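Keep the coordinates open as you read.

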Amino acid sequence: MFTTDIVIGLEVHAELATKTKLFSSCPRIGSEQPNTRVDPVTLGHPGSRPVLNAKALEYGIKLCLALECNIAPSLVFSRKSYFYPDMSKNFQITQYEEPLGSAGNVPITGKKIALKRIHLEEDPAALSYPGSMHSSQYVLIDYNRAGNPLLEIVTEPVITSPAEAREFLNQLILVLQYLGIFDETCVIKADANVSLKENDYTRVEIKNISGFKELERALNYEITRQRTYLKRNLPIKQETRGWDETSKTTKSLRTKESEDDYGYIYEPDIPVVAIKEETVQKLKANLPELAHQKAARYTREFSIDPIDAQVMASDKDLAALFETVLKNVDPKLAARWLRRELLRVLNYNKKTITSMEITPEHLIPLFQLVEKKSISDNTAQELMEKLMESPFDVTAYVKEHNLAQVNDENEILKAVKEAIDKNHQAVDDFHNGEQKALQYLVGQVMRLTKGKANPQQTQRLLKEQLSP
Amino acid sequence: MTPAEVNETYHAFTVLQEISPTNSGTLDGTTISVKDNILVKDVETTACSRILKGYKPAFDATAVSRLRAAGATIVGKTSMDAFGFGSWNLNPGLDYPIPKNPRFPGKVPGGSSGGAAIAAATLPNHVALAESTGGSIETPACCCGVIGYCPAYGAVSRHGLISYADSLDKIGIMAQAVDQLIPVLNVITGPDSMDGTTLQEPIKLSAPEKLRVGVIKEGMHDVAQEVQEAVQASIKKLGNSCEIVDISLPITMKYGVAAYYLISTSEASTNLARFCGLRYGQHGNPKHKGFNEYFSSIRSEHFNTETKRRILLGTYARMAGYRDAYYVKAQAVRKAIRKEYTEALEKVDVLVSPTLPIVAPDIEEATKLTPAQTYAMDRLTVGPNMAGLPHASIPVSKQPISILATAQTDGALLAFLKKIEAQ
């Protein structure tokens, strides 16, 4: 069945941005003091019972629709039983028999990563071992996180490299961001199954990987580890390993001979309800345009370079800014200036689109001036940098400081002639084949015009004047 | 008698405590006792199990808060088989005394709501709040000679009920007279956002002019002679006021007990997993060798035998390799049972049988029964419980013998009960 050198399958958990937990009205965010965001349901008190958070279901359906999954006809929850202190009831309410979504895919460059299933489940509590897991005398349990709504997304084992896995997770995160259903302050967690052709595809599971950077690292490490073992003729058994972020290695957790027996039963406190077709259709109609759809549209409708389109679509806020700006500015110009210049200046100032004070009302006039060639690119760059420090009225500023570009052929010609006149050495160098001399002369024209001469016209006129 | 006297003589209560109403209403002057698996805020609630000794809930069960808001006074928590596991109330938790039957001395009080039945039988102006999973209201009602009424599944919110089996548990009531039932039902039934399984529609209290009564054929076979005679006599007395027909419920009568015990114990084994010496209840030895040893020892120490038996049975029934043959199969049987009842109740308004296949046993006799023999005593009550239909037990003899009636609506059921009461 498998043919590639490396086979990877991922199981990803994303926390939904609901106000309250998955099965009770206990707040999902707020106090970080341990065991303060709890209620009887969270702590599994006798007499308490789960009631489904309708928003969580809505978010789950949205993700399934965005990733082209088949939506289950009914919502069915199950109890997964195991005794562990992070589960206050000693069972987790999850979806076993019938996941909310099945099949579906996440598009990455060149292929679509097929999904197996998407389902809702509750988060366990957080355990902390003072010191380390091995040396600690006791474990502390914080139930603040317990009961938080999670979406579990499982891929088919069709990922063939750590880089692909990273891209998959990135794209998934983008979709979640665009849908607005995901708590971005919570790191996405992944478990990965890795197997190598050279090892007859024996599966090793790696648990507890946080974020896409660690995912790529963990996978690279594990693949290297397995290959090293094989070279040394050491056996690689089917087992579960944990990714240790501190040492950047995987460590054996337990050997798995068979599936754990969780004794699944249906969750009787949450009645099985039909997922109505009208509900699904309504959510489908209101789905926002997703990143990969935007990127394709930018290229298709506005002839934006595909890479530029992808970069802009990858940032929800940048894409929104672009779509506002392009109502008044040539799209390709807007794309170039946002994708390159704005991002450059943002990065330099360690700001984000949401934290910057610059608005479309500042950018549109700036880009229009560039479009009309009223200012030079250099001037525009400087103005962008100034705007980032503190915003101002661009048009007024340009007027006030006389920054307008000189596009008048006659004026430029005057300066060109003067430059040629005063720089015989450079002219000779140019005639001797040195292209650099031309740039020198352009620079001289700029100096004479205080940087305002239109660079393209300057070059053209210089070349004309210099030709024999 | 006062609650204190009742408790002194019959050990019906786990906690004697008077709790005032929060408001005045239709139940002014009524006293209520609360089965110990139903939460009363700040009052020790243990489901009559030692593992919860000292546990004081942070909230009232919805049924309790509604009763208090309607003017009822709570007098205490009543004894039961631990967690609801039992048909005779001979299995209260370790350290709890076995309650005594006030009407028929020497006989079992019936379970699991034995304490509730005793309170209903002895206290004036009293309605006992109880709970049934497979027969825990009707059986003790029969044993103590009172009326035991179990509304439909979902009619009363289970918010604040310590779960035995969530797909089967129902809160209900016991009283001496039918007229006491309706005011209480009106108060405790109704939707509750804290319980996703509550019914949205109110209970239907209307009834047809002439009731069609279906006598369950299999329910009259294989029962003690006195039981058969008493029930037959009562049905005959209905005379021309009702249309009497024979109804057969073969699947229910043959497989009901097995399906019930598989489903209820499977669910119960998950519901009781939370009792592990953490977060609340009894705590264990701090000098333990790890989580597994800790929780295992505390459960072994504080659960009574029947609790352990049902957890083991239920865990087994849902483990890989057995799940399909037991848990999954039992679900299919339950579906068939529901169908049998639905079809039967299209033909008749009320289905009847005896509540117990024998006259309520002496404590000695009951103790000699094997678990399987005891479970088999539920064969007449598991049907309506599995089908989630309103049903009730009402005495038909000077001996502890009762009729069990099941209907589609509370109205039809109450109308039938009134007829029997009038006899």
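A:Lys422 counts as exposed, because its relative accessibility is 59%; exposed means over 50% relative accessible area, buried under 20%, and partly exposed in between (1.4 Å probe, protein chains only). A:Lys422 belongs to helix α12 of chain A, residues 409-422. Helices (H or I, at least four residues) and strands (E, at least two) are DSSP runs, numbered from the N terminus. A:Gln444 is 22 residues away from A:Lys422 along the chain, and their C-alpha atoms are separated by 9.3 Å.

This is a predicted model, in which local features need pLDDT of at least 70 and side-chain atom pairs count only at pLDDT 80 or more, while totals for chains, interfaces and linings use all residues. Residues are numbered from 1 along each chain as its sequence is written, chains are lettered from A and ligands numbered from 1 in the order in which they are written, and side-chain values use heavy atoms, with hydrogens and water left out.

Now turn to A:Ser195. This residue is buried, with a relative accessible area of 3%. Strand β12 of chain A, residues 189-196, holds A:Ser195. Setting aside residues up to four places away in sequence, A:Ser195 touches A:Asp5, A:Ile6, A:Val7, A:Tyr201, A:Thr202 and A:Arg203. Contact here means heavy atoms within 4.5 Å.

Next, the cores. In soluble globular proteins, nonpolar side chains tend to be buried together. A nonpolar core is a set of buried Ala, Val, Leu, Ile, Met, Phe, Trp, Tyr and Cys residues joined through side-chain atoms within 4.5 Å. The largest such core has 107 residues, and B:Phe83, B:Leu129 and B:Phe416 touch the most other members. Helix α8(B) gives this core its largest share, 8 residues. Beyond its neighbours within four places in sequence, B:Phe83 has contacts that include B:Ile51, B:Ile162, B:Leu272 and B:Phe303. A second, separate core has 104 residues, among them A:Val12, A:Leu172, A:Leu290 and A:Leu383.

How many residues of each chain are in contact across the interface? Chain B gives 38 and chain A gives 31. The area buried between them is about 2,700 Å², with 56% from carbon and sulfur atoms; buried area is the accessible area (1.4 Å probe) that two parts lose on being put together, summed over both. There are 4 salt bridges between the chains, each a side-chain nitrogen of Lys or Arg within 4 Å of a carboxyl oxygen of Asp or Glu. A:Arg49 forms a salt bridge with B:Asp166, with the closest N and O atoms 3.0 Å apart.
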